[in-house]
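Welcome! Please take a moment with the sequence and the structure shown here, and then we can walk through them together.

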Amino acid sequence: MSTDVWGKNRRNPKMSEVIARELANHIVNAKLAEGSVLPTEKEMIESFDVGRSTIREALRLLEVRNVITLRPGPGGGPVVRRPLPEDLGEALTLILQFEDASLEDVMEARRALEPTIARLAATRISDADLDAMEASIGIILEDPKPEVFQEQNQVFHSTLSKAAHSVVLQVFLSSLGSIADGIAGGVTYSSRRYVAAAHAHARIVEALRVGDGSLAERMMREHLDEAYRYWHKKHRYLVSRPVVWRR
């Protein structure tokens, strides 16, 4: 056992875990593109001087963490894959399930994070990002239907999240969004609700256009608070639904 910086005991890693971390570091440091083919299993056995089972366990660890995919058959083997925020969402979902978390807990976290993202984005966002967000608003207003809103709402919020240039907040917010979508998937609203959300988006963009971080933060908080109140009124059964790990 070893002790970490917080004074907690932790077990020493297995050789397969050490190799998995070395391979992950190699992928990042060498800037290998997604789809790049890694050395064969035989080459790794020779390079790390370990048995086949250890290499296979290391590769399986990387596959589970979505760092690689394992292509079967002749010419197959480990191929680089870039982990996505949604991948963290799956792991986070499992943790939240064991902690008895609900959709309300997920929504509360989003209400804490996204106003901060809006404030940061106010001084960092580009004109191209603002134009993309405004375009998404226009598309919703022209055709306020479920499938249109779902797609353009994603465009709006993901563009804003990236524009804040805070990779940690962006990853966590995307992960929370994937969890919420998994619980509340299939819920639709009236056209009036979609139009109201689009107007709320427009007020946020107006604040971002003038670089007013405090106003952008307040407009986002009001937007999320309104959505929260609506869910409590119309979909209380979903708000209280526990988070469950699903694929």
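## Before we start

A crossing of two helices is called left-handed if the near helix is turned anticlockwise from the far one by less than a right angle, and right-handed if clockwise. Keep that in mind, and remember too that this is a predicted model.

## Two domains

Let us begin with the overall layout. The protein is divided into domain 1, covering 2–80, and domain 2, covering 87–239. Taken over C-alpha atoms, the centres of domain 1 and domain 2 are separated by 35 Å.

## Helices α2 and α3

Helix α2 spans residues 41–48 and helix α3 spans residues 52–64; their axes come within 9 Å and cross at roughly 110°. Angles of 65 to 115 degrees count as roughly perpendicular, so α2 is roughly perpendicular to α3. The crossing in which α2 passes α3 is right-handed.

Which residues meet here? From α2 come Glu41, Met44, Ile45 and Phe48, and from α3 come Arg52, Ile55, Arg56 and Leu59. The residues of this contact of α2 with α3 divide into 5 nonpolar and 3 charged, with no polar ones.

Strand β3 (residues 68–71) pairs with strand β4 (residues 77–80) in the antiparallel sense, over 4 bridges. To find your place in the pairing, look for threonine 69, which stands opposite valine 79 in β4.

Between the strands of this hairpin there are 5 residues, and glycine 73 takes a positive phi near 85°.

## Helices α6 and α7

Now move on to helix α6 (residues 127–142) and helix α7 (residues 146–163), whose axes come within 9 Å and cross at roughly 165°. Angles over 145 degrees count as roughly antiparallel, and α6 and α7 are therefore roughly antiparallel to each other. Here α6 passes α7 in a left-handed crossing.

On the α6 side, the contact is made by Asp129, Ala132, Met133, Ser136, Ile137, Ile139 and Ile140. On the α7 side, the residues include Val148, Phe149, Gln152, Phe156 and Leu160. The residues of the contact of α6 with α7 divide into 11 nonpolar, 4 polar and 1 charged.

## Helices α9 and α10

How do helix α9 and helix α10 cross? The axes of α9 (residues 191–209) and α10 (residues 213–234) come within 7 Å and cross at roughly 165°, which makes α9 roughly antiparallel to α10. This is a left-handed crossing of α9 past α10.

Among the contact residues of α9 are Arg193, Ala197, His201, Ile204 and Leu208. Those of α10 are Leu215, Ala216, Met219, Met220, His223, Glu226 and Tyr230. In the contact of α9 with α10, the residues divide into 10 nonpolar, 2 polar and 3 charged.

Note on methods:
Residues are numbered from 1 along each chain as its sequence is written. This is a predicted model: local features need pLDDT of at least 70, side-chain atom pairs count only at pLDDT 80 or more; totals for chains, interfaces and linings use all residues. Side-chain values use heavy atoms; hydrogens and water are left out. Axes are lines fitted to C-alpha atoms, for helices over the stretch in contact, and angles run from 0 to 180 degrees between N-to-C directions. Helices (H or I, at least four residues) and strands (E, at least two) are DSSP runs, numbered from the N terminus. Angles under 35 degrees count as roughly parallel, over 145 as roughly antiparallel, 65 to 115 as roughly perpendicular and the rest as oblique. Contact means heavy atoms within 4.5 Å. Ala, Val, Leu, Ile, Met, Phe, Trp, Tyr, Cys and Pro count as nonpolar, Asp, Glu, Lys and Arg as charged, and the others, Gly among them, as polar. Two strands pair if DSSP finds at least two bridges between them. Domain bounds come from an automatic or database domain assignment.
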